[in-house]
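Subject: Structure for your review

Dear colleague,

Please find below the structure that I am handing over to you. My notes on the findings follow it.

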Amino acid sequence: MISEKLMKELNDQMNFEFLSSYYYLAMAAYAASEDLNGFANFFIIQGQEEYLHGMKFFNFIHDMDGRAFMQAIEEPNNEYESLVQVFEKALTHERLVTSRINKLMDMAKEEGNHAAVSFLQWFIDEQVEEENSMKTILNNLKKMDGNFQGIYIMDKELAGRVLEPIQ
Ligand code: FEO
């Protein structure tokens, strides 16, 4: 049995993951408009991952005898000044996701809901990777300080990112 309160928070987080997918698509569009197709690919894949995260919540909610409710998706930021700014916003966003997941985990533990704790543990681990990936790219971009050769090489590397299946 899962409380109404926890179910609502799980549903909100499902919607937040779908919102994240949309945010990253806007970042992909910015990169593509700058002819940085590798960076665009990175964010397209990131957006697809976020969709899969949302679907993990969707499936869990239904496995727990709940019902997923889709909410309105707000307009993401479409204007960026630089790649550094894009990754600063991406890192800030991932930190927000981490704090939301931590809050959900606290709630699941308080309710003694072991199934939710087990489910959320995957996201706790995933967030370490998500934050780290944004932070690494941001730090490298800052070190390059606009050097086009460095950005060009990174763009080629990020073009190779593919969508990994998630369990
Ligand atoms: Fe699903 Fe990037 O958090």
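In these notes, a residue is called buried when its relative accessible area is under 20%, exposed when it is over 50%, and partly exposed in between, with a 1.4 Å probe and protein chains only. Please note that this is a predicted model, in which local features need pLDDT of at least 70 and side-chain atom pairs count only at pLDDT 80 or more, while totals for chains, interfaces and linings use all residues. Residues are numbered from 1 along each chain as its sequence is written, and side-chain values use heavy atoms, with hydrogens and water left out.

Salt bridges

The structure holds three salt bridges, a salt bridge being a side-chain nitrogen of Lys or Arg within 4 Å of a carboxyl oxygen of Asp or Glu. Side chains of opposite charge can pair when their charged atoms come close.

One of the bridges joins D12 to K8, with 2.6 Å between the closest N and O atoms. Both residues belong to helix α1 and stand four residues apart, about one turn of the helix. (Helices are DSSP runs of H or I with at least four residues, and strands are runs of E with at least two, numbered from the N terminus.) K8 counts as partly exposed because its relative accessibility is 48%, whereas D12 is buried, at 17%.

Another bridge pairs E49 with R161, the closest N and O atoms being 3.3 Å apart. This pair links distant parts of the chain: E49 is in helix α2 (residues 37-63) and R161 is in the segment after α5, 112 residues apart. Both E49 and R161 are buried.

R95 and E131 also form a salt bridge, with their closest N and O atoms 3.9 Å apart. Here, too, distant parts of the chain are linked, since R95 is in helix α3 and E131 is in helix α4, 36 residues apart. R95 is partly exposed, with a relative accessible area of 43%, while E131 is buried, at 18%.

Pockets

A pocket is an open set of points on a 1 Å grid over the protein atoms alone, where a 1.4 Å probe fits and protein lies on both sides within 12 Å along at least five of seven lines; its lining residues have an atom within 4 Å of a point. Grid points are joined across faces, edges and corners, and a volume is the space filled by probe spheres set on the points.

The largest pocket has a volume of about 200 Å³. Its lining includes E49 and R161, and divides into three nonpolar, one polar and six charged residues. (Ala, Val, Leu, Ile, Met, Phe, Trp, Tyr, Cys and Pro count as nonpolar, Asp, Glu, Lys and Arg as charged, and the others, Gly among them, as polar.) Helix α4 (residues 114-144) gives the most to this lining, with four residues.

The second largest pocket has a volume of about 160 Å³. Among its lining residues are Y23, M27, K89 and H93. The elements that give two or more residues to this lining are α1 and α3 (83-110), and α3 gives the most, with four. This lining divides into five nonpolar, three polar and one charged residue.

A residue in helix α5

G150 is found in helix α5 (residues 148-158). G150 is buried, with a relative accessible area of 16%. Its C-alpha atom is separated by 15 Å from that of N37, 113 residues apart along the chain.

Yours sincerely
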